[in-house]
Amino acid sequence: MDLLSWLGRAVEGFDDWARPFGPVPPHPSHQVSDERFAAAFAEFAARMRDNYPFFHPRYAGQMVKPPHPAAVVGYLAAMLVNPNNHAREGGPATADMEREAVAAIAGMFGLPDHLGHLTTSGTMANLEALFVAREAHPDRGIAYSADSHFTHRRMCHLLGVRGHEVPVDARGRMDLDALEALLRTGAVGTVVLTAGTTGLGAVDPVHDALVLRERYGVRLHVDAAYGGFYAILGSRGAEGLDPAPWRAIGRCDSVAVDPHKHGLQPYGCGAVLFADPSVARFYRHDSPYTYFTPAGVHLGEISLECSRAGAAAAALWLTLRVLPLTPDGLGAVLSASRRAALRWAELIRAAPELTLYQQPDLDIVTYFPQAGTLGAIDAASARMLARGMADAQDPVFLSVLRADANAFLARHPDVVADADGARVLRSVLIKPEFNDYLPRLHTKVTELAHQGVSVAAP
Ligand SMILES: *Cc1c(COP(=O)(O)O)cnc(C)c1O
């Protein structure tokens, strides 16, 4: 895809659509000369250089990458119209695209029936699921694992619901025995399971939690913001993934997923889906300004947010037309990421300078320089992070994850715990390009480890 030419065609398409409505001379208040814009744009372009190269495999840090060109073209083309998916009269075309894209996501998770919509983020998607959880069980709290996303605790506070933190096992997955002990008290109405934790990519045993739902009458919400699209591979047991948790998602009460992480979308695209469409009753409200076109249910009637970019739905819909949620569509992107992560884990195991923090469940690789004590590991990891970014000739951008001493010792009992925790390095291999780049990345990271440790032990 030639992005430049397709962006031009998106603008032409808008002009073709707009022409029959008749010309609208630009109002003087809007008019800006090319000269004036050129000056502002030059300043802007210079400012934008202060960025990390998320597009490049030298950037092996957080779960960030640019959107697919199809998403960029879809977003721009729709943005020129600027539909608002709150109500159907905000833009029927993108409202329909949103419903179709959400139905495709429901299909990916194997939800037989669903009520769902896009959101601006995973946090908003989870908030909606927790809001419905509170309405369904007003007198009971919400449980989430110690490794779940930090926003669950925060959103419980916001909703005025008691949050309960459940410990994790030595792989970062929710400890279901601890969960069951908590459920026995009757204090919990909803359990949040994570399919791909943000730190380690650990997949909670969603399938085993299904039994507890029946036994204790709790709701199950799956936070699959980061990992959700792995259901394409996971539900088929592809790429060495255990199918059990992925197949179980379709039997849970709700699920959140972020198309703006693994779904190739620009920021501003999360999704929440409920298995029981009747939860729409919890959202019931009227609006004096909107909902005046026939639509069955308007998307705004089943969401907590009001205005939302129709362009986000357009971008996702167009992307899914060319890369559907199948193993050889978007699945091929995920397979490449996953293979790169597994191969890198092997290389790290074989490297004397580095230790694998834990085997990746999905595509997040965590590792640390060999240094003996938590204090030394922490300092050496921080040095590797800083030096990697500071190298002007051959930079590499990593990220760090703070592990507390217990979590560390559960995985590496030989390490001396002279501190209450340590930072380890964390690379989310979210781009398929890591596959080819891996040897270079590994060489660079082992060099950094070598330097980092030699300074730690003078
Ligand atoms: C990223 C993430 C979130 C938060 O999503 P945002 O889109 O950043 O708001 C929630 N849960 C998990 C597991 C995540 O990885």
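Helices (H or I, at least four residues) and strands (E, at least two) are DSSP runs, numbered from the N terminus. This is a predicted model, in which local features need pLDDT of at least 70, side-chain atom pairs count only at pLDDT 80 or more, and totals for chains, interfaces and linings use all residues. Residues are numbered from 1 along each chain as its sequence is written, and side-chain values use heavy atoms, with hydrogens and water left out.

**View 1. Lys 261 in its loop.** Lys 261 lies in the loop between strand 6 (254-257) and strand 7. Its relative accessibility is 15%, so Lys 261 counts as buried. Buried means under 20% relative accessible area, exposed over 50%, and partly exposed in between (1.4 Å probe, protein chains only). The C-alpha atom of Lys 261 is 9.2 Å from that of Pro 67. Along the chain, these two residues are 194 residues apart.

**View 2. The shell around the ligand.** The ligand has 14 residues around it. A residue is near a molecule or strand if one of its heavy atoms lies within 4 Å of it. Thr 123, Asp 223, Asp 258, His 260 and Lys 261 come nearest. By class, the shell splits into 2 nonpolar, 9 polar and 3 charged residues. Here Ala, Val, Leu, Ile, Met, Phe, Trp, Tyr, Cys and Pro count as nonpolar, Asp, Glu, Lys and Arg as charged, and the others, Gly among them, as polar. Helix 5 (residues 122-136) supplies the largest share of the shell, with 3 residues.

View 3. A polar backbone atom of Gly 122 sits 2.8 Å from a ligand oxygen. For Thr 123, a side-chain N or O atom is 2.5 Å from an oxygen atom of the ligand. For Lys 261, the corresponding distance from a side-chain N or O atom to a ligand oxygen is 2.9 Å. On its own the ligand has 380 Å² of accessible area, and the protein covers 88% of it. Accessible areas come from the Shrake-Rupley method with a 1.4 Å probe; for residues, only the protein chains shown count as cover.

View 4. The structure holds 0 disulfides. A disulfide is a pair of cysteine sulfur atoms within 2.5 Å. Cys 252 is buried, at 2% relative accessibility. For Cys 306, the closest cysteine sulfur is in Cys 269, 18 Å away, which is also too far for a bond. Cys 306 is partly exposed, at 46% relative accessibility.

**View 5. Aromatic pairs.** Rings of Phe, Tyr and Trp (its six-membered ring) pair if their centres lie within 6.5 Å; planes under 30 degrees apart count as stacked, over 60 as edge-to-face and the rest as tilted. By this rule, the count is 13 aromatic pairs. Trp 17 and Phe 21 have ring centres 5.3 Å apart and planes at 65°, so this pair is edge-to-face. Trp 17 is partly exposed at 47% relative accessibility, while Phe 21 is exposed at 64%. Tyr 52 and Phe 54 have ring centres 6.4 Å apart and planes at 50°, so this pair is tilted. Tyr 52 is partly exposed at 45%, and Phe 54 is partly exposed at 24%. One aromatic cluster is formed by Tyr 52, Phe 54, Tyr 59 and Phe 397.

**View 6. The loop between strand 7 and helix 11.** His 298 lies in this loop, between strand 7 (270-274) and helix 11 (310-322). The residue is buried, with a relative accessible area of 5%. A polar atom of the His 298 side chain lies 3.0 Å from the backbone nitrogen of Arg 88. Ala 309 is found in the loop between strand 7 and helix 11. Ala 309 is partly exposed, at 33% relative accessibility.

**View 7. Positive phi angles.** Most residues other than glycine have a negative phi. Asn 82 is not a glycine, yet has a positive phi of about 65°. Asn 82 lies in the loop between helix 3 (69-81) and helix 4 (92-109), and is exposed at 58% relative accessibility. Glu 239, also not a glycine, has a positive phi of about 55°. Glu 239 is found in the loop between helix 9 (231-234) and helix 10 (243-248).

Terms used. Polar contact = N/O pair within 3.5 Å; in protein donor to acceptor, adjacent residues only side chain to side chain.
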